[in-house]
Amino acid sequence: MATSERSLRYFGTDGVRGKAEVELTRDFAWKLGRAAGTHLLSAREVVAGLKRPAIAVGHDTRVSSPSLAEACAEGLASSGADVIYLGTVPTAVVAFAVTELGLAGGCVISASHNPPEDNGIKFFGAGGYKLGPADEASIEAIFEGQILDNERQQIRRAVSDELVPEIIQRYERHVIDSVGVAKLSGIRAVVDCANGAASEIAPRVLAASGAEVVAVAAEGDGTKINVGCGATDTSLILSATKTSGFSIGLALDGDADRLIAVDAEGTVYDGDNLMAAFGAWLLGKGRLDPPIVVATVMSNLGLRLALERLGVELVECGVGDREVVEAMRARGAKLGGEQSGHIVFADCGTTGDGILTAAFLLQLVAETGQSLAEAAGAVERVPQVLLNIEVKDKREVIASEELALCVAEAKRRLGSHGRLLVRPSGTEPLIRVMVESADEGLARLVATDVASVIQQIDAKTGA
């Protein structure tokens, strides 16, 4: 299960992650739901605008998701919460339901971009924002301190089943209205739904906004979620865009909180490209006030340089779209995101929303008449090497004095014109190494050397 550098036992950078039916069992989900419900309900009196002590629950298409969602919802109900069970929906729909209906919180069962055998549980607070470390620590304390009997309360749906489709329709209308009806007329795009939660919603919303859409990996087959498709594997969307004759390809991930774009020439545009494009677009429309964009430490130096040419400041934050949102709120920023494709528009949502991002990207192209390459090609990348090293114990490796000495030496080699970041993944058993340098050969050599030391340290762990 994910262990974060913030000394929490269960929560990582984006909720709890683990192997379904191994670490994430129905019993664990029920207990975590009860603990989260207890925390969310205890905080509800201080939240302005809260209308009801209810918590929305949604999940992705993974085989394990319905069972875990049901167990978590039962735990939430046992804490005294009413539960609005949304079924299979993107993460952004759950956050939207929380804000739209004035709920005490939301819960999503999904491992996002992870493979089918993984799953996860993440929570939103009453404002529709992901819970922070203090909230997660409170939930863990309640979880550890619970004395529970074996009775399981059934889900109490205070909202009728008839209202659930209405919530989804409201979300779809929200996206359409944000873009403008028929604003995408004449735009043709291929959408890769990653066999995930947006398999039905994404093509429908984009088509309703006026675009001509062809959907791939849209069967909603949870055994194939993120497998050879989606935002983390662009092979399918590149092939489908090239053969379709369309000029734009849009790839979502399993819970549709990410977007990666491609064009018919085979170029991939990640979150850095999209933030630069949206920054220029919104600035030109007078909608980037203040003129800042928030991005994580993983973003390429080329993004900062592209924004500087526009007179836009880049504010750097920690990894995760929650960190992005917190920094955006602190600075009043309208736009932020991650290189991985999480993009947040403060005026339209509280979390990363791949469907909304896709709609805005198509609107940008339609309004400006630019090609995707012209709109998103402003980032001239400084060579960047990213390596993911699987380890047994992230904490022990990261705390190693041997690694600290290795990192210090690597930074000396890179000098003032290079950058090194070594961090534990918050969602997987990995140490991530990122090296930037104008000398690509040096960047690769340094990254390989650091990775080798990490592997050596890991081999000693538990030996």
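The points below are grouped by topic.

This is a predicted model, in which local features need pLDDT of at least 70 and side-chain atom pairs count only at pLDDT 80 or more, while totals for chains, interfaces and linings use all residues. Residues are numbered from 1 along each chain as its sequence is written, and side-chain values use heavy atoms, with hydrogens and water left out. Helices (DSSP runs of H or I, at least four residues) and strands (runs of E, at least two) are numbered from the N terminus.

**Largest pocket**

- The largest pocket has a volume of about 800 Å³. A pocket is an open set of points on a 1 Å grid over the protein atoms alone, where a 1.4 Å probe fits, with protein on both sides within 12 Å along at least five of seven lines. Its volume is the space filled by probe spheres set on the points, which are joined across faces, edges and corners.
- The lining of the largest pocket comprises 37 residues, and those nearest the centre are Arg258, Gln339, Ser340, Leu386 and Arg432; a lining residue has an atom within 4 Å of a point.
- Strand 16 (384-390) and strand 18 (430-437) are the elements that give two or more residues to this lining.
- By class, the lining holds 9 nonpolar, 15 polar and 13 charged residues. Nonpolar covers Ala, Val, Leu, Ile, Met, Phe, Trp, Tyr, Cys and Pro; charged covers Asp, Glu, Lys and Arg; the others, Gly among them, are polar.

**Salt bridges**

- The whole structure contains 31 salt bridges, each defined as a side-chain nitrogen of Lys or Arg within 4 Å of a carboxyl oxygen of Asp or Glu.
- Lys19 pairs with Asp118, with 2.8 Å between the closest N and O atoms. This bridge links strand 2 (residues 15-19), which holds Lys19, to strand 6 (residues 118-124), which holds Asp118, across 99 residues.
- Asp118 is buried at 8% relative accessible area, whereas Lys19 is partly exposed at 35%. Buried is under 20%, exposed over 50% and partly exposed in between (1.4 Å probe, protein chains only).
- Arg304 bridges to Glu316, the closest N and O atoms being 3.7 Å apart. Arg304 belongs to helix 9 (residues 301-310) and Glu316 to strand 13 (residues 313-317), so the bridge ties together parts 12 residues apart in sequence. Both partners are partly exposed, Arg304 at 25% and Glu316 at 43%.
- Arg419 bridges to Glu436 with a closest N to O distance of 3.1 Å. Here strand 17 (residues 418-424), with Arg419, is joined to strand 18, with Glu436, 17 residues apart. Glu436 is buried at 3%, and Arg419 is partly exposed at 22%.
- A salt-bridge network links Asp14, Arg17, Lys122, Lys130, Asp255, Asp257 and Asp321.

- An open sheet of 6 strands has the order 1-2-6-5-3-4 and mixed pairing; strands pair if DSSP finds at least two bridges between them.
- Strand 1 (11-12) and strand 4 (82-88) are at the edges with a single partner strand each, so one side of each has no neighbour in the sheet.
- Strands 2 and 6 run antiparallel and are joined by 4 bridges. Val16 is opposite Ile121 in strand 6.

**A loop residue**

- Glu380 sits in the loop between helix 12 (372-376) and strand 16, and is exposed at 59% relative accessible area.
- Glu380 and Asn300 are 80 residues apart in sequence, with a C-alpha to C-alpha distance of 9.1 Å.
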